[in-house]
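Okay, thanks everyone, I'll keep this short. Let me put the structure up and then we'll walk through it.

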Amino acid sequence: MSETDLPVPSVPNARDAVRALRPSQIREVANAGFGVADVLPFWFGESDRVTPTFIRDAASAALAAGATFYTHNLGIAPLRAALADYVSALHGTTSSDHIAVTSAGVNALMLAAQLVVGAGDRVVAVTPLWPNLVEIPKILGAHVETVALGYGEHGWQLDLEQLLAALTPDTKMLLVNSPNNPTGWVMSREEQRAVLAHCRRHGIWIVADEVYERLYYAHAEADAGSTHSRTAPSFLDLATRDERVICVNSFSKAWLMTGWRLGWIVAPASLMDDLGKLVEYNTSCAPAFVQQAGIAAVQQGERFTQDLVLDLKASRDHLVRALSAVPGVDVKAPPGAMYVFFSMPGAARSLELCKAMVREVGLGVAPGSAFGPQGEGFVRWCYACDTARLDAGVGRLRRFLAQHGTH
Ligand SMILES: Cc1ncc(COP(=O)(O)O)c(C=O)c1O
């Protein structure tokens with residue numbers, strides 16, 4: 001008998017932990033829209049504007065100068081230094097020894113999880129939440145428990161006591177994303193203080209996803225024109241740089257660089273050698289010319305980011321006003337990020353609703369259930385586009401409701 005005559009083993013499959021990951025429901029809605037000629041997409045978390053010219057020019061110049069080689073695992077020294085200055089200006093003294101450059105925020109989240117959690121570890125996450133944060137620890141075999149934000153008269157709120165009770169001494173890591181995708185909820189300074197004290201007491205790691213820290217509207221107008229407009233409250237404002245706090249950030253949102261895949265981590269210096277190994281075995285480094293563009297973004301991009309925040313705030317207010325006028329819609333202006341997360345007739349089955357809206361009227365929004373069971377009953381709309389497009393989208397939503405007799 002030759003080797004090829006041996007029986008073929010059963011169907012090859014991925015590990016159980018990988019097979020159990022939830023597929024993206026946003027993708028499922030997008031697939032339902034295939035073949036629909038004219039879809040208005042508000043389902044993904046990115047602006048419809050291209051990256052600013054000064055950043056693209058920096059990348060072109062770096063490429064022309066031959067920046068095509070591998071770099072240090074933790075990033076090129078000038079970018080780490082530029083990021084250290086940027087973080088210091090916003091959140092207090094931070095040296096390059098505490099900065100690692102990553103291949104965007106999602107890679108930073110994976111690296112942070114790989115640093116501190118393993119199979120069987122208990123992780124707590126505040127939800128509703130962008131699914132990647134909840135799924136990443138599961139790839140490593142960790143168990144993820146969720147603490148749900150509540151929705152009421154004042155929008156989305158955290159039950160602090162409930163979160164502290166969930167942070168039992170055997171918990172390895174807390175995942176908090178503030179400003180939050182999808183709700184726009186922002187954790188208050190007092191809540192951060194209480195959570196940090198509790199996690200210190202029990203030795204729990206805090207992984208803070210602060211990729212939307214600049215997209216914070218409470219102070220945007222008051223601070224326009226200052227060197228740095230304020231950010232949302234950050235764990236970096238309270239924590240020392242050498243405790244169990246890992247802060248994840250990205251170039252995607254504040255400088256419109258989603259496709260570039262560039263981000264960073266602020267973490268204890270004692271982690272950096274091990275983090276360097278993980279970067280080596282995941283991606284080895286972020287692309288050299290992209291890192292050069294990152295220097296331009298943090299050093300020359302402050303005015304751009306402040307203007308962007310004002311534009312986004314105007315778009316948010318425009319969309320909230322337009323949606324509020326639609327009967328049956330309950331919407332509140334969230335303090336951060338770039339989404340409104342609202343309820344409307346039919347949203348109790350949000351996946352079916354969103355598929356029907358894209359099929360029937362070409363309106364592309366994300367179902368609340370994509371952000372965990374706690375998001376069911378809501379729909380997420382990314383408002384990072386011009387107001388004419390927002391109006392066209394609201395017109396389609398009205399048409400859909402009229403066709404279904406709910407309006
Ligand atoms: C909460 C949150 N964290 C992290 C990311 C990662 O973004 P990127 O990988 O583009 O940096 C996103 C992207 O939408 C997000 O919503």
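I'll start with the whole chain, then go to the sheet, a helix pair and one more strand.

First, the ground rules. This is a predicted model, so local features need pLDDT of at least 70 and side-chain atom pairs count only at pLDDT 80 or more, while totals for chains, interfaces and linings use all residues. Residues are numbered from 1 along each chain as its sequence is written.

The protein chain has 14 helices and 14 strands; those are DSSP runs, H or I of at least four residues for helices, E of at least two for strands, numbered from the N terminus. For 407 residues, the compact-globule estimate of the radius of gyration is near 22 Å, and the chain's 22 Å agrees with that. That's over C-alpha atoms, and the globule rule is 2.2 Å times the number of residues to the power 0.38. Buried residues make up 49% of the chain, where buried says 20 or more other C-beta atoms within 10 Å of the residue's own, with C-beta atoms placed from the backbone.

Now the sheet. It's open, with seven strands in the order β2-β10-β9-β8-β7-β3-β4 and mixed pairing; strands pair if DSSP finds at least two bridges between them. β2 (99–102) and β4 sit at the edges with a single partner strand each, so one side of each has no neighbour in the sheet. Inside the sheet, β8 pairs with β9 (residues 245–250) in parallel over four bridges, and Asp-209 stands opposite Val-248 in β9.

Next, helix α6, residues 131–139. Which of its residues are buried? Pro-131, Leu-133, Val-134, Ile-136 and Pro-137. α5 and α6 pack at about 35 degrees, axes 10 Å apart; axes are lines fitted to C-alpha atoms over the stretch in contact, and angles run from 0 to 180 degrees between N-to-C directions. On the α5 side we have Val-106, Leu-109, Met-110 and Ala-113, meeting Asn-132, Leu-133, Ile-136 and Pro-137 in α6, with contact taken as C-beta atoms, placed from the backbone, within 7 Å. After α6 comes Gly-141, with a positive phi near 85 degrees.

Last stop, β11, residues 339–342. Side chains in a regular strand alternate between the two faces of the sheet. Here both faces are covered: Tyr-339 and Phe-341 on one side, Val-340 and Phe-342 on the other, all buried. β11 runs antiparallel to β14 (residues 379–382), joined by four bridges, and Tyr-339 has Cys-382 as its bridge partner.

Note on methods:
A residue is buried if 20 or more other C-beta atoms lie within 10 Å of its own, exposed if 12 or fewer, and partly exposed in between; C-beta atoms are placed from the backbone. Two residues are in contact if their C-beta atoms, placed from the backbone, lie within 7 Å.
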